[in-house]
Every structure is written in C-alpha cells, then in structure tokens.
Amino acid sequence: MLYYIESTKVWIKKYLNFSVVKERYIYYMFTAVVFLLFLFWSGFSSVLNISFGLHQINFLHQYLLVWVFDFIIFSIPFQVVIIRNFQIKKFKKNQKELKELKDQINFNIELATLIGEGKLSNFKAADDNLSAALIALGKNLANTKKKEEERNWITKGKEIISEVLRNSTNTDSLTKDALETIIKYCSAIQGAWYLYENYELRNVSTYAFDRRRFINQIIPVGKGLIGQSAFEKVIIYRTEIPDDYFSLKSGILGDKKPKSLLIIPLLHEEELQGVIELAFIQPKLNHSILSLADELASIIGRSLYNIKINTKTEALLRESQNMTKTLKDNELKLQKNANEMLLAQEELERSNKLLASHVQEVEHGQKRLQALLTNASEIISIYDEEQRLVFESPSVKRILGYNESDKISGMDPDLLTPRGYKTINKLFQYLLDTPGGEQSAQYTYLKKSGEKLFLETKGKNLLHDPAIRGIIFNTQDITERKRAEKEERMKSRMQSLSENSPDMILRISVTGKLVYANPAIARFIGVPTNDIVKKRINELEIDQRFIDYVRNALSEMRDDPRNISTEIEVENAEGTRIMDIKSIPEFSEDQELESVLFVSHDLTEIKLIEQEVKEKNKKISDSINYAQRIQTSILPDTNVIQKVFPRSFIFYRPKDVVSGDFPWMFKKGDISYVAAVDCTGHGVPGALISFIGYFLLNNIVNADLSLNAAQILDVLHEKVRATLRQDQEGANGRDGMDLALCKINLNEKTLEYAGAHRPLFYLRNGELEEYKGTRKGIGGIPLAKKIEPSFENNVIEIQQGDKFFIFSDGLPDQTGGPDKRKYQSKRIREILTADKDATMAHFSRVFSKDFYDWLGDEKQVDDVLMIGIEL
C-alpha cells in the first residue's frame, strides 16, 4: 500500500502537475481509498456469507468483479487529480482571458487619455473595434483641434496687425510697423511694401538686410509679379522663384534664396491701395498663412484708404484754421485801430477845447500865445516867395520831434518822400500863382524817431497881407485819422463781404442771444434779418440738428474756446443741405469769450458734383481697363513668340493703360511673320488703330503666303486707307501706322524685311548692320502732286546665331538721363555692340533696366516696344 502511495505521488508529480495539489490532500485521498476498499471487501464478504479478515482478501480477488471494483476505487484519486487539474487549467485560462480583457480595458483607457491630451500620433493601433473607433475619434479631434488652432492663429494675427493699424496715424509708420509685424508673425524672411500712386507702385518700406536700397523703387502696374498682382488684384503665391529675383544676405544664413513668394494686393472696395511682397525660406506655406493674407488684404487696404482720407481732411482743416486765424487777426487789428481812433478823437476834442480857451486868452499876452503855439496840434509856418522858411511855430518840436540843433528847416527834401516833396512843391506853386487862394495837401513825413507821419497842410497866399507877407501853412498830424479811416474802410469792407456772402454768418453771444445774422441765413430759413436778431437760437424755425450743434458748440466754447469745424445735414424748404459749419470764438479786450461767430457754407452742390465726377471717372476707368484686357488677350507676349523662337524677348511698356504700339506675330506652315507696329497716337485712339492693323495683317498673310514683306506693306497701306476712308474725295484724316515687318523661313534660311519709317538692326558675330525703312507710312493721305514710293523689300541670308531687333519710335524718342536728352538710336546701337557674346536674355534685361534708369523721374512720352529674336 505504501508502495502504491509513493508510486502514485511520483506519477502525479510527473504527469499531473503536482504543484497544483498539496501533498496532504494526497494522503487524505488514499486514506479514503483504503477505507472504501475495506468497506467494499467487507460488504462483498457478507454477500458471500464468509467472515471478513485480512486472510480473506486474497480469496476475494479470485472474483473478477472484485478486481474491477478495486480498479475503480484505486482510480478515484487519479480521477480527482485529473478533474482538479482540468479545473485549474480552466481557471488559469479564465484568468488569462480576464487579464487580457483587463489589459484591453487599460489600453482603451490609456488611448482615451492620449486622445484627450492630443498625443495620439505616437500610439500603436489595436485590433479591436473599440480601439479603432477611439483612434478614429482621436484623429477627428486632432484635425478639429488643428483647424481650431489655425483659426485662432489667423484671428490672433488679425488682432495683432489691426492693433498696429489702429495705432498708426500716417502711411510711413503704418507701412513700417505693419510690414515688420506681418513678417515676424508669418515667419517670413523678407518683405516690401508698395503704395499705389498714379498707376504706379512706389516702394515705401522694406524689411531685410539688403533691401533698403529699393526704397522709392517705382514699379508700373502690370510689370513683373508685383505689377501683375496689382493689375489683376489677386494674391500671387509662387514656389518657383527666378534666380535673379533677389536673395537674403545674413551673417547667420549667408546668401540664401527664398523658396516661396507671396504677393498680396491691398484693396478697399475693389480699389487698389498698395501691394505687400513677402518672401519665405520654407518651400511650401501653411494654408493658414494664405488665409491670413487673404483677410489682411482688405483690412490693410481699408486702413490705407482711411489714412489717405484723414490726411486730406487734416490738410483741409489746417487750411480752414489758417484762414480763420487770419480773419480773427484782421478783426482784432480792426478792433485795436478803432480803439486807438476813439482815443485820438478824444484827445483831439480835448486839444480843441484847450485851443479855444487859448484863443480867448491870446489877448492877454505873447507868453500865452507862445504857450498856445508850443502846445498846438498844428504846425504853423510862413514861407516867402522864394520858398524860404520865415516863421515856424514851436509845436514843430513836439509834433515832428526835431529841435534847433537838428538844423532842420521847413520842407526838407530828405525828410519827405519823392511823392510828398512833389506834392508840397505843387501846392506852393499853386498858391504863388493864386493870390488869396487856399488849398490843402496830404503827404508823408519822416519823424525824428524814424516813424512815418501822415501830415495835412492847408496853405493860403497872404503875400498881399502886410502883417504876414508870405504864404502861411497850417500843418496837422493826421496819422491817427488816416488809421481810423483805414479801419473804417476795412470794417465797411468786412461788413459788405458779410452782407453779400453766400455763406450763412451768425453771431451769438455767450448767453445764447443772436447778435448778428447776415441776409444769407435769413434767406435760408425764410425769416427777415430783423426778426432773427435778439432772439435765442431755439426760437428760430430751423432744423433741430442745427440748433443742437449751436448749443453744443457754445457749451464747448465756454469750457475751451477754440475753432470748431464740422459738417452736418440741415433741412430747409429746398430739401436736405450739407453744411460745413465753422465756429469761431470772439474775445473782448480782456480776452474773455464775448461771442461765437458761426459761418456755414453750403457744400451740397459740391458734394453732388464730386460724386458725379467720381462715378464718371470710374466708368471711364472701367471702360479703358476692359479695353486693355481685350488688347492684352489678342496680342502676343514673350511666351508666345518664344514657342517659335526660344531665344527671343519683347520689351513692351504702354504709355497709358491701352497702347497704340503693338507686337504682331503670325505663323503658317514654315513661314513666321513678326512686326513691331507703331500706330498714330497712344492711349485709346492709338489702341483703336492698333486693332485695325492687327486684324488686317492677319487677313493679308493668311490669304496669300506668296507675298513678300514689301508687298504685304503695300496691301496693308491700301486696306488701312480704305478702312479709314482716306481714299475718298475730301478726306483729311492722316491716321495710320509705322512698322518694321519681317518674314522668316527657317527651312530656306531667309529673312525678308520691309519697313515703314522703322529700321531693322541685324547683328551677326558682333557686327551690327542697319536696314532703314522706306520713308513712307501706312495709311494717311499722300501729298498732292507727289508720287508715293513703293516699299523696299530686303532679303537676308540668315545664319544660325544671327540676331535682329525691331522697335517703335517711343524708345529712341524718350527724354531722360542727366541732360534730359532723347534716348536716340545711337544708344541702342551702342548697347547691341558692347558685348558680341551677349545673349538675348542679357539684352532683354539690359534694355529694360537702361530704359527705366534713363526715364528716371521724367514722364514717358510715347508707347515703347522692342522685339529681339535670335535665329
């Protein structure tokens, strides 16, 4: 039995994983087995009616049934262990599944946490549906967050730049601060700001190490990327930057080419205000930067427009204030002169009273007479026939300031103006010729102190009077009287101006009572002037807005006396009127506010005219711009001509929006036609002629390829004359065109040239040959009795590498340079022969730069066109 127990333990350890069954349980099981065996054997012995004992056990095993039951009983421990081992394995499997479920839950919890923190990018995806759904949710949340961050970034950028715009009061500070803010916020490396003025873009601000030299650079609208963006009024975003565009020079980066370019037109109500150019080191910009640029275009455009309007308004305000100040100064001078005149009048009255008392006392003695003469307001002098001074009253010292030591006697020529000296001599001569006659004269005299006096002299011939025997002069200082008269004239003139002024002039005291109203305000409200004065403003039957403005202005004047100007709308019998009202404080002698003068100018008609002119100008501009778009769409540019002749260029600069000069090209089969055409005039008239020439040339060469260059011009000449009816009797129009035409057959290696007043410059191996055009234009009316020459056809055998150039007269006729001279064909020849190895790209750059340098600040005189082709 013990052997059975030990062998069973070994078997369990080896085959049934003893680690899951404790050893004491094995003993319990085998104890139970032994008990069951003895119980079975005892029962079986009872069935056999034999006594049970240990010696009977062998006897019982002769029966097969006993062995079967023994086997069953002995197998019970193994069955228990197997069943228990199976349960333990199942339990472990359940635990493993439970652990996996717990791990999956923890994984999903961690995944949800990462989604909340926005750190999903580094997390591995799981296989279950819940994890996949959470990851999809996380990605959606991340995309939403990214979009929200982009919106917040754009909103923040708008707020920062709007703050800069609000703090800027002029274009200089606005362009500098806003450009720097935009570049820093968008992480750009370079930037430039162009303002739109007179169909051109002027560089007013730059941000980069080497771009300040471009300040005040002028770029025509339509030229280059910047001009193209301004013309089309759309944002240009380029990632392919030309090698010669520009580069950044930095101590950290060295020479670094920008990888992307953003050009933003600044618009206000579809009107161009300027252009911003931004360069980036990044090869591709975020969508948020482009969205921000799109929104900033209108915001900055509106700010530029407002600053321009504010600048004009401030200029008008300063002008108005200066006029008001001048008027105020003149009025103060008038008031001062009036006061001085009053004092002089009072002084004169006192002197007259004193003189009357002295006259009454003249009889009392010479002393009193001397005192009278000394203190008199007049100078009494007597001259003999030879104009020598005989007597002069002592008052001369007081009035003129001279005494005996000054050795001044009588009418000294040095103290009289030439006119005054002539006046005195004329008076003296008249009195000599008129015995007993009297006459007076006024003239200017120089006082000892240097002050000029106005004197009035009354002369009388008393040569016949034995007591006098001379010509007596009574001379009086009328300086104050003259000043008073002048003030009275000025006052009268001001009153006349006020009475006849179309502006409404109203003077109101600080208490609110109407002191003065001119006829204009009486006509405006339909009430006589007498019924207005001495009333209060609220008693007038006038628009309440005008009354409120006057009350507010009076209130402000009491606290802060200053000029106030504003525009308000006022209703009257004629309808709504726009009034420009200036409020001018008036002060007393003690500089206290006494009254306020309100001057109201009716701006209604001016505003209507301004609006009408603005609308008409816009219609005209829209029509011309539309014509320019049509002309541009049909004319070839450099890209078109380079499809046939890869090494070629067109330098084209119209004087106005549309042009009378135009490049023309036509290709049919192996033959190519190229022409530089200069129509009569420029602008709209020239553009109309250019359409005629363009379509006639197309029809002529398309109809007959056999025509040579000269024959094409002959046919064109006749068709232009017929189209413009210049071939009819009585026609007097001389409109037409000059041109240089080339017919090129590369297979036959020939070039035919014919010109109407325009030459061909042919360059081969650095040698330049000029073919002159026929002295005859296309179209027009020929001179009477003069035979027109036929166009000359020139045939040239072409070689590979030959270059030819045709151009209109706008290039050589342009004035400029240091001496303000014409550009001339000589300068073109010098550029073409300067470098025999120069390429067409070189010539394109050189002619463009040289022309703009030559033009400088001068105005362009004509349309400019040059075509260069290398064969």
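Analyst: Of the contacts in the protein chain between residues at least 6 apart in sequence, 56% join residues at least 24 apart. A contact here means heavy atoms within 4.5 Å. This is a predicted model, in which local features need pLDDT of at least 70 and side-chain atom pairs count only at pLDDT 80 or more, while totals for chains, interfaces and linings use all residues. Residues are numbered from 1 along each chain as its sequence is written, and side-chain values use heavy atoms, with hydrogens and water left out.

The protein chain has 21 helices and 31 strands. Both are DSSP runs numbered from the N terminus: helices are H or I with at least four residues, strands are E with at least two. Of its 871 residues, 40% count as buried. Buried means under 20% relative accessible area, exposed means over 50%, and partly exposed lies in between (1.4 Å probe, protein chains only).

Now the part to look at closely, an open sheet. Six strands form this sheet, in the order β3-β2-β1-β8-β7-β4, and the pairing is antiparallel. Strands β3 (218–220) and β4 (236–238) are the edges, since each pairs on one side only. Two strands pair if DSSP finds at least two bridges between them. From one strand to the next, the twist averages 20°. Such angles run from 0 to 180 degrees between N-to-C directions, and the axes are lines fitted to C-alpha atoms, for helices over the stretch in contact.

Within the sheet, β1 (residues 190–197) and β2 (residues 200–207) run antiparallel and are joined by 7 bridges. Glu197 stands opposite Glu200 in β2. Helix α7 (residues 224–232) packs on the sheet, where it touches β1, β2, β3, β4, β7 (260–268) and β8 (271–280). The direction of α7 makes about 35° with that of β7.

Leaving aside residues up to four places away in sequence, Ser168 touches Ser173, Leu174 and Ile307.

Leu65 gives a contrasting case. Leu65 belongs to helix α4 (residues 64–117). Leu65 counts as partly exposed because its relative accessibility is 43%.
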